Amino acid sequence: MKILVDIGHPAHIHYFKNCARIMTEKGHEFLFVVRERDSTMELIRSTGFDYVSRGKGKAGLINKMIAIPQTDYKIYKIAKKYHPDLFLSFSSPYLAHVSWIMRKPHIAFDDTEHAKFEHWMCRPFSDVVLSPSCYNAKLWKNQILFQSYMEMCYLNPRYFKPDSSVLDKIGVKEGEKYCVLRFVSWDANHDVGQKGLCYQDKLKLVRELSKDCRVLISSEDELDESLKKYQLRIDPKDLHSILYYASLYVGEGGTTASESVILGTPAVYLNTLHVGYLDEDEERGLLFHPNTLDETLAATRQVLNSDNYSHDYKRKWEQLLRDKIDATAFMVWFIENYPESKKIMKETPDYQNKFKFDF
């Protein structure tokens, strides 16, 4: 089977890389079509998979809408040359359109309830949409729920082993507490009307956190001069190990918050947007979603200064892993057995329990 995958964000590489490795070993072929941005290109090169660039893309909703026909055409030309049997993506409207034109199945994954633009551009042209069971918006007829998170595809202990050498790279001493603080660029389609922390709040947050631990900042935008000394400059492939060994994650990025939780690191999510998987993490006591800066600081102190918090958190984290399935194993099965797998999941959803992770 030949499979064409669209990559619009670095996280998408992580979602599909283990599935692609397993299926490649079985004789299947993969080609990744990648939107150019520095971290994405570094990551795709590190996988060793075949890939082609589809350009840098456009910023802003209007520009992205105008660019859709152009990107569709770029991918159509690539697909005509590659002759895929199946298209795979994380809610890529471009792949959905091209697959529909070429009359080939498109399997889409999606976990972002508020990404309305992507939904309307992608789902009507997709054969099936797979979403985590905690998805809390109205389901489409072609939508199927699975008992896991997208981040489980690559951070499940079966696939991820932390590298302690990252601590030397970032200059953290043995036993030293540190917090990863992340600011995002707020330029995604679903970020329209949203905004992050103002400069004064960022500065206060850093100063208060610094009283209890070392602060390392990851930022999509240029940092103000007063915050640059805290900036985390790393190889993108080291981020998950850094999150694993961190005492705490605090940030505007939802994906990174979910990654931290799956790695067993408490997270404080600083964003007005709600998504089902983070709401579930909050309900399980694995994540804080404060409304004010004071609530944020109270949450960080609870994590960093409570002797009992760490033990209680580990118990809840282990239960999370027991409750979820191996998303990668499920993905491999679903693709290899499509379209029969779609029928099985529609008629017998509990079939997916075969992919439970034995933690």
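Q: Is Lys 324 buried or exposed, and what relative accessible area does Lys 324 have?
A: Buried means under 20% relative accessible area, exposed means over 50%, and partly exposed lies in between, using a 1.4 Å probe and protein chains only. Lys 324 has a relative accessible area of 3%, so Lys 324 is buried. This is a predicted model, where local features need pLDDT of at least 70 and side-chain atom pairs count only at pLDDT 80 or more, while totals for chains, interfaces and linings use all residues. Residues are numbered from 1 along each chain as its sequence is written, and side-chain values use heavy atoms, with hydrogens and water left out.

Q: Which side chain meets that of Lys 324 in a salt bridge?
A: A salt bridge is a side-chain nitrogen of Lys or Arg within 4 Å of a carboxyl oxygen of Asp or Glu. Here the partner of Lys 324 is Glu 280, at 2.8 Å from N to O. The two come from distant parts of the chain, 44 residues apart: Lys 324 sits in the loop between α13 and α14 (327–336), and Glu 280 in helix α11 (residues 276–283). Helices are DSSP runs (H or I, at least four residues), numbered from the N terminus. With a relative accessible area of 16%, Glu 280 is buried too.

Q: How many salt bridges does the structure hold?
A: There are 16 salt bridges. One of them joins Arg 301 and Glu 208, at 3.4 Å from N to O. Arg 301 lies in helix α12 and Glu 208 in helix α8 (residues 199–209), 93 residues apart. Arg 301 has 38% relative accessibility, so this residue counts as partly exposed.

Q: Which residues are linked with Lys 237 in a network of salt bridges?
A: Lys 169 and Asp 238 are linked with Lys 237. The side chains of Asp 238 and Lys 237 meet at 3.6 Å, N to O. Asp 238 is buried at 6% relative accessibility, whereas Lys 237 is partly exposed at 48%.

Q: How much space lies in the second largest pocket?
A: Rolling a probe the size of a water molecule over the atoms shows where empty space is left. On a 1 Å grid over the protein atoms alone, a pocket is an open set of points where a 1.4 Å probe fits, with protein on both sides within 12 Å along at least five of seven lines; lining residues have an atom within 4 Å of a point. The second largest pocket holds about 420 Å³, a volume being the space filled by probe spheres set on the points. Its lining has 17 residues, and Ser 310 is among the closest to the centre. Helix α13 gives the largest share of that lining, 5 residues.
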